[in-house]
Amino acid sequence: MAITGAILLIFSPIFWFYGEIATIYPSEAFLAILIAYTSYQSLKGSRNFLYLSAIALGLAGGFRQDLIPFMFPLWLFCLLYPARDNYPNMIKRTIPPMVVMGLSILTWLLPTIFLAGGLESYLNSSGHFSASFKTSSVLFGASLSNHLLMDGMLASWLMIGLGFLGGFLILLFIIFKRENILDNVMFKSPKFMFMSLWILPSFIFLVFIPLSKPGYTLIFLPALFLVLGYVVITFSRDISLKLNVSPKTVLCAMLILYMVLNSAYFLYPYNLNEESTWETQITHMNSTEKIILGLDMLFMYNNEKIINNDQNMAWHLEIIGNLSSSNPNSTEIIIRDIIREDQGFSWRKAMYQLPEYDVYYLFDSENSQLKSNKLDNQVSFSYGKNHKYQSSQSNLLEIPIKSSTERVVWIMDHRSQFFKELQSKIEIKTIVLPNNLNIYYSDVKDKKIDFKVGKFIFKTTNSTSN
């Protein structure tokens, strides 16, 4: 079952997609599997794995902090279940692994707090994650329509993650094997509890507090593939009896069909990723663009998207490098209106690919409604340089233009009110990319900049660096 599940997971479009790009989500899947494996060994009675699982869980938080609260119930169940009938032994069994896990957490938490500049700075820098709840969860003030839309996206991501055939097989299994599923004996099984505690904590969290990327499902997607592996093996045995063929033959045929269908989905060069939606506010999209954006976010996680995204980034880097004559001190980059962080030339990409440049990402009430910084009467900006990050929020913010700056590059939606107001204050030139996205820039060499757009003041400063 494990081998079958592993083969199915490798060809999962979501797992495949994130394995092709530079994100931590596949590592999160690996760490979740590692925690689950070591915890399962402790459930089976191996004392050594009590401590190995504690170390795995504690250290995993240094890579993805959400692994600790989401995998802790599973780890605790595996720790306590073997001693369930002996309360004193249960206490004795629990304390040492808890201490080991706590020490494992401190090995990364203390250096992180120190490097972040202290506990307050660390907590502030982590605040953007919880702030995103305001735009997605009705529990934190988001509209019901937004919440239901995000839950619909979660359902589509699970369908794609399991592969269309995988989701269909699980549905058939539930229908035809419902009597076995509802058997009370199964519900009392430690294996059933194990799988439930792996899947449900993060899944329930995503249902009630939706997040904006399918990568977040990779913490429990491997568990679903173990379930799918069991389903495929069960159906292969049932079909083999009806057709009088070897179960292995049926299993191989089902796996090949699954791999071919998912490979066709992932590799076929179909482009639904209309680039005009990458840096355009939803309120300024026409009906066709909204449909394309919706379909893209719901269903399209394929190789063509990666190719288009990489090419778009390469064009931006080339143009910005040419505009600055490869002198970072001569150019500042100001970004606004990126609908999706993983597409368009986002500030995160600019910070990583162009670390020597001053990069600003602007938020106000107009362009923050689908972002983590949901704003009403205030504005905010994120600033990055040399892989360091800071942010500020107020009723009115100043964006400093250094005296050494010769050009300001604007990455934003030309249809927004912000851009139209900006055009009235400063001359803006346009470079059209091959994918019809635009890079805008202003020549500011030897010019004294001092104007206000919205609640942002752009003003020349005497400093040559920030």
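Analyst: What follows is a short tour, starting with the whole chain and moving on to single residues. Keep in mind that this is a predicted model.

User: Fine. How many helices and strands are there in the protein?
Analyst: The protein has 20 helices and 10 strands.

User: And what box do the C-alpha atoms fill?
Analyst: Along the principal axes, the box is roughly 80 × 55 × 40 Å.

User: What share of the residues is buried?
Analyst: Of the 466 residues in the protein, 48% are buried. The accessible surface is about 22,700 Å², and carbon and sulfur atoms account for 63% of that.

User: What about contacts, how much comes from residues 24 or more positions apart?
Analyst: Such pairs make up 71% of the contacts with a separation of 6 or more.

User: Charges next. How far apart are the mean positions of the positive and negative ones?
Analyst: They are 9 Å apart, with 37 positive and 34 negative charges in the protein.

User: Which residues lie nearest the centre of the pocket?
Analyst: M195, I199, L226, V227 and Y230 do, out of 42 lining residues.

User: You listed helix 3. Pick a residue there. Is Q41 buried or exposed?
Analyst: Q41, which is found in helix 3, counts as buried because its relative accessibility is 15%, under the 20% cut-off. Beyond residues up to four places away in sequence, Q41 touches S46 and F49.

User: Go on along the chain. Where does N48 sit?
Analyst: N48 lies in helix 4, residues 48–60. N48 is exposed, with a relative accessible area of 58%. From N48 to F114 the C-alpha distance is 32 Å, and the two are 66 residues apart in sequence.

User: And L67, buried or exposed?
Analyst: L67 is buried, at 0% relative accessibility. The residue is in helix 5, residues 67–80.

User: What is L67 in contact with, leaving aside neighbours within four places?
Analyst: L67 is in contact with E28, L31, A32, L57, A60, F72 and I219. I10 is 57 residues from L67 along the chain, and their C-alpha atoms are separated by 21 Å.

User: L57 is in that list. How far is L57 from G102 in space?
Analyst: The distance is 9.6 Å, C-alpha to C-alpha, for two residues 45 apart in sequence. G102 is in helix 6, residues 87–116, and is partly exposed at 28% relative accessible area.

User: Changing topic to strands. Where is S382, and what is it in contact with?
Analyst: S382 is in strand 3, residues 379–385. Apart from neighbours within four places in sequence, S382 is in contact with W347, V359, Y360, Y361, F363, Y389, Q390 and S391.

User: Why does S382 count as buried?
Analyst: S382 counts as buried because its relative accessible area is 5%, and buried means under 20%.

User: What comes between strand 3 and strand 4?
Analyst: A loop, and N386 lies in it. N386 is not a glycine, yet its phi is positive, about 55°. N386 is partly exposed, with a relative accessible area of 46%.

User: Which non-glycine residue has a positive phi near 60°?
Analyst: S326 does. S326 is in the loop between helix 18 (303–323) and strand 1 (331–335).

User: Is S326 buried or exposed?
Analyst: S326 is exposed, at 61% relative accessibility.

Key: Residues are numbered from 1 along each chain as its sequence is written. This is a predicted model: local features need pLDDT of at least 70, side-chain atom pairs count only at pLDDT 80 or more; totals for chains, interfaces and linings use all residues. Side-chain values use heavy atoms; hydrogens and water are left out. Helices (H or I, at least four residues) and strands (E, at least two) are DSSP runs, numbered from the N terminus. Buried means under 20% relative accessible area, exposed over 50%, partly exposed in between (1.4 Å probe, protein chains only). Contact means heavy atoms within 4.5 Å. Accessible areas come from the Shrake-Rupley method with a 1.4 Å probe; for residues, only the protein chains shown count as cover. Lys and Arg count as positive and Asp and Glu as negative; His and the chain ends are not counted. The place of a charge is taken as NZ of Lys, CZ of Arg, CG of Asp or CD of Glu. On a 1 Å grid over the protein atoms alone, a cavity is a set of points where a 1.4 Å probe fits but cannot get out, and a pocket is an open set with protein on both sides within 12 Å along at least five of seven lines; lining residues have an atom within 4 Å of a point.
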